[in-house]
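I opened this entry to note what I looked up, in the order I looked. The structure comes first, then my notes.

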Amino acid sequence: MAYTAEKPPLPRSTAELRETIPGWGVDLDPKDRPAVPMEQFTRDTGAHWDFPERQVEHWPRERSIEHAFLTPVFGTSCPPKGLSGAIRKYAYRAFSEATTAHWMLLMAADRIDVVESNVGSLLHGHPDNPITETGVLAELTSHPIRSRVGQHRADLKHQPIDPIMVAAPYVLMGGAAYVLAKAIMNRARPEAPYRLSGR
C-alpha cells in the first residue's frame, strides 16, 4: 500500500530484472556506490507511525485517478472556484496525469483563473494596476538593456510576447466594458419621434 513503511513488492524478481534490463542493479553492492564509505544508511528514520495521520478533507479535493485515495497531506490555500475550478476538477477526474489533455486543461484553468481574479478585483472596487503591479516602471530605472544584452538570460526568448500576454487581458476587458457601456447607452437613449413630411 502507498504511504506505508513496507517496501512494495517488485513486479518481477531481482534476477529477472537483472537479465532483461542491461545495467539494472549496478549499485546493489555498497562498494559500487560513489557515496561509499561516506554514505550511512540506517532504517531508523525516527517516524513513530506506520501510516501518516490523515489531514481532514473539508471539501471534495481533486485527486489523480492513479491514486486509490487522497494523499495524507494536501494543500488548502487555493481551493478551486468558479469556471477554472470546474475545469481543474474535470482534468483530474477524466484524464490521467500521463496525458497531455490533463496538463493542457490545468494550464487553461490557470489562464481563466487570472481573468476571474481580474474581474473579481474590478467588481470589488480594487482593480489591478497594470502600471505598478507588472514592474513596467522598473524597466526605466533598472538598466533594461544592460541587464539583457550579453547576459545569457534564459527568459530573453519569450520577452517579445510578454507585453501581449500581460496587456491582452486588460485590452479584452476594456473592449468588453466599452461594448457593454455602449449597449446600455443605446437602450437608455430615447428614440426620436417619427416626423411626417410637410407635404
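I took helices (H or I, at least four residues) and strands (E, at least two) as DSSP runs, numbered from the N terminus. This is a predicted model, where local features need pLDDT of at least 70, side-chain atom pairs count only at pLDDT 80 or more, and totals for chains, interfaces and linings use all residues. Residues are numbered from 1 along each chain as its sequence is written, and side-chain values use heavy atoms, with hydrogens and water left out.

Entry 1, the whole protein.
I looked up the elements and found six helices and zero strands. In sequence order the pattern reads α-α-α-α-α-α. The C-alpha trace spans about 110 × 50 × 35 Å along its principal axes. For the radius of gyration (taken over C-alpha atoms; the globule rule is 2.2 Å times the number of residues to the power 0.38), I noted 29 Å, while a compact globule of 199 residues would have one near 16 Å. Buried residues (under 20% relative accessible area; exposed is over 50%, partly exposed in between, with a 1.4 Å probe and protein chains only) make up 13% of the 199 residues.

I found H102 in helix α3. Is H102 buried or exposed? H102 is buried, at a relative accessible area of 1%. I then listed its contacts (heavy atoms within 4.5 Å). Leaving aside neighbours within four places in sequence, H102 is in contact with A91, Y92, F95, S96 and E97. A91 sits 11 residues from H102 along the chain, and their C-alpha atoms are separated by 5.1 Å. I also noted that a polar atom of the H102 side chain lies 3.0 Å from the backbone oxygen of A91.

I moved on to S121, which lies in helix α3 (residues 100-123). S121 is buried, with a relative accessible area of 16%. Its side chain reaches the backbone oxygen of N118 at 2.8 Å. Not counting residues up to four places away in sequence, S121 touches H126, P127 and D128.

Which span should the 27 residues of helix α6 (residues 162-188) have at 1.5 Å a residue? The expected span is 1.5 Å times one less than the number of residues, so helix α6 should span 39 Å; its end C-alpha atoms are 40 Å apart, which agrees. I then looked up the bend (the angle between axes fitted to the seven residues ending at a residue and the seven starting there). Helix α6 bends by about 35° at A168, and a proline, P169, follows within four residues.

Terms used:
A polar contact is a pair of N or O atoms within 3.5 Å; within protein, one must be able to donate a hydrogen and the other to accept it, and residues adjacent in sequence count only if both atoms are side-chain atoms.
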